[in-house]
Amino acid sequence: MRLWIILGALAVTMPALPAEITRNKNRGRGSMWWGIAKAGEPNNLLPMSPTSLHIEPAVYSTLRRKQRRLARENPGILSAVKRGAKQAIVECQHQFRNRRWNCSTKNFLRGKNLFGKIVDRGCRETAFIYAITSAAVTHSIARACSEGSIQSCSCDYTHQSRASSAIRDWEWGGCSDNIGYGFKFSREFVDTGERGRNLREKMNLHNNEAGRAHVSAGMHQECKCHGMSGSCTVKTCWMRLPNMRLVGDNLKDRFDGASRVLVSNSDRLRDSSNAIMSNSASNSVHNRRDGLGRKHRYNFQLKPYNPEHKPPGQKDLVYLEPSPPFCEKNTKLGILGTHGRQCNDTSIGVDGCDLMCCGRGYKSQEIIVIGRCNCVFHWCCEVKCDVCAIKKMIHTCL
Ligand SMILES: *[C@@H]1O[C@H](CO)[C@@H](O)[C@H](O)[C@H]1NC(C)=O
Ligand SMILES: *[C@@H]1O[C@H](CO)[C@@H](O)[C@H](O)[C@H]1NC(C)=O
């Protein structure tokens, strides 16, 4: 009798999560554009004539209809998106270089996701991928605007138009990175296909927004002195984007402290009431044009899995399910495993051989690397080194 009750309880509570996650077959549909990082050159630079606007087929195939329209309407934008996607890969692989899951990418093919099947899950790693790609695109668009490589945007001069105060001893001037444009464009382009209709789409939207929030929050003032002989009597200032490394570091911190969120019944009810509301609106095209639907999209609060935890904040990463161990190769799940990975035999962290090799053990080899040694500083200003063979121990997981 007691056993029956336990099984009954399990049957009610356990399957709710996996079912919700796996039911949505289109979960990766908002993310195919990541492939642009490895597709051919976008060839969407500032056109000499309107007819020279042409998008490479390989690039074209990664884009959804709305993204193609955005690319057509904003010459120069695809190059910036591509730069952002590449930067996201570099940053992700840097942040995860010493972890079991190391953010490896696949050769991009139509229909395959750049980051592989990990995207089909809803774990912390998935959250990081969404946040870093959204952040990197926001960043590269904002920078491309101020560099003048996108036709439809420029430097952000809004600071200058605000009344310059007599109290300040400096002036807004120069060219600010256009975070406003980058933020808005990223929402339009990156969030295409994530309508927030189910928990998984809400997870993606939340993490995309978190990525953008970290870029915004890192905007800082830079100034230059124009006074005679280095004096700072005349100073101009502008707003500069944070370095992508800083954004990556901060998102990695949020990865470590990510919030697990929940499918709650009230959430499902709200989903269906939203659907009813938008269906009953006089017509959906009108709804889309006036931006009502779009604003609505970000208007939700995710619930923490553990009711004792506080709800996730704007800059937090959120996930739905625990990460797989990433220890053994599993092609079905797109996991490479850690056999053959290098590890650190003195570290007790995730890069240490114990954790990296999942207790399987490791082998140690002495290798010889050619490097610079006996460096001497010569006045002035040169460093001279010898080239020598240096012995080094490396450890690899069995
Ligand atoms: C990631 O790890 C796999 C083995 O698990 C390895 O083949 C690959 O080169 C690594 N990628 C990067 C970018 O470090
Ligand atoms: C290995 O880990 C130790 C302890 O964390 C660290 O001091 C050392 O620099 C690491 N070695 C390498 C090669 O990363």
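Student: What makes S1 and strand S3 a pair?
Tutor: Two strands pair if DSSP finds at least two bridges between them. S1 and strand S3 (residues 235–240) are joined over two bridges in the parallel sense, so they meet the cut-off. One residue to look for is glutamate 171, whose bridge partner in S3 is threonine 236. Strands are DSSP runs of E with at least two residues, helices are runs of H or I with at least four, and both are numbered from the N terminus. This is a predicted model: local features need pLDDT of at least 70, side-chain atom pairs count only at pLDDT 80 or more, and totals for chains, interfaces and linings use all residues. Residues are numbered from 1 along each chain as its sequence is written, chains are lettered from A and ligands numbered from 1 in the order in which they are written, and side-chain values use heavy atoms, with hydrogens and water left out.

Student: Why are S1 and S2 said to stand at the edges?
Tutor: The open sheet has three strands in the order S1-S3-S2, with mixed pairing. Strand S1 (171–172) and strand S2 (220–225) each have a single partner strand, so one side of each lacks a neighbour in the sheet.

Student: How do you know that strand S7 and S8 pair?
Tutor: Strand S7 (residues 362–378) and S8 share 15 bridges in the antiparallel sense, against a requirement of at least two. The two strands form a hairpin with three residues between them. Histidine 378 stands opposite glutamate 382 in S8.

Student: Is valine 387 buried or exposed, and how do you know?
Tutor: Valine 387 lies in strand S8 (residues 382–397). Its relative accessible area is 65%. Exposed means over 50%, buried under 20%, and partly exposed in between (1.4 Å probe, protein chains only), so valine 387 is exposed. Together with Ile368 and Ile370, Val387 forms a nonpolar surface patch with about 350 Å² of accessible area.

Student: Is asparagine 113 buried or exposed?
Tutor: Asparagine 113 sits in the loop between helix H5 (77–95) and helix H6 (124–147). Its relative accessibility is 12%, so asparagine 113 counts as buried. Its side chain reaches the backbone nitrogen of phenylalanine 115 at 3.1 Å.

Student: And proline 57, is it buried or exposed?
Tutor: Proline 57, in helix H3 (residues 57–60), has a relative accessible area of 58%, so it is exposed. Proline 57 and alanine 39 are 18 residues apart in sequence, with their C-alpha atoms 9.0 Å apart in space.

Student: Which residues are around ligand 2, and what makes them count?
Tutor: They are Asn344, Thr346 and Ser347. A residue counts if one of its heavy atoms lies within 4 Å of the molecule. A polar side-chain atom of asparagine 344 is 2.3 Å from an oxygen atom of ligand 2, and an N or O atom in the side chain of threonine 346 is 3.5 Å from an oxygen atom of ligand 2. Taken alone, ligand 2 exposes 360 Å², of which the protein buries 26%.

Student: Which residues surround ligand 1?
Tutor: Gln93, Asn102, Leu336, Gly337 and Arg341 surround ligand 1. The side chain of asparagine 102 has an N or O atom 2.3 Å from an oxygen atom of ligand 1, while a polar backbone atom of glycine 337 is 2.8 Å from an oxygen atom of ligand 1. Taken alone, ligand 1 exposes 360 Å², and the protein buries 54% of that.

Technical notes: Patches are made of residues with over 30% relative accessible area and no salt bridge: like charges are joined within 9 Å, nonpolar side chains (Val, Leu, Ile, Met, Phe, Trp, Tyr) within 5 Å. Accessible areas come from the Shrake-Rupley method with a 1.4 Å probe; for residues, only the protein chains shown count as cover. A salt bridge is a side-chain nitrogen of Lys or Arg within 4 Å of a carboxyl oxygen of Asp or Glu. A polar contact is a pair of N or O atoms within 3.5 Å; within protein, one must be able to donate a hydrogen and the other to accept it, and residues adjacent in sequence count only if both atoms are side-chain atoms.
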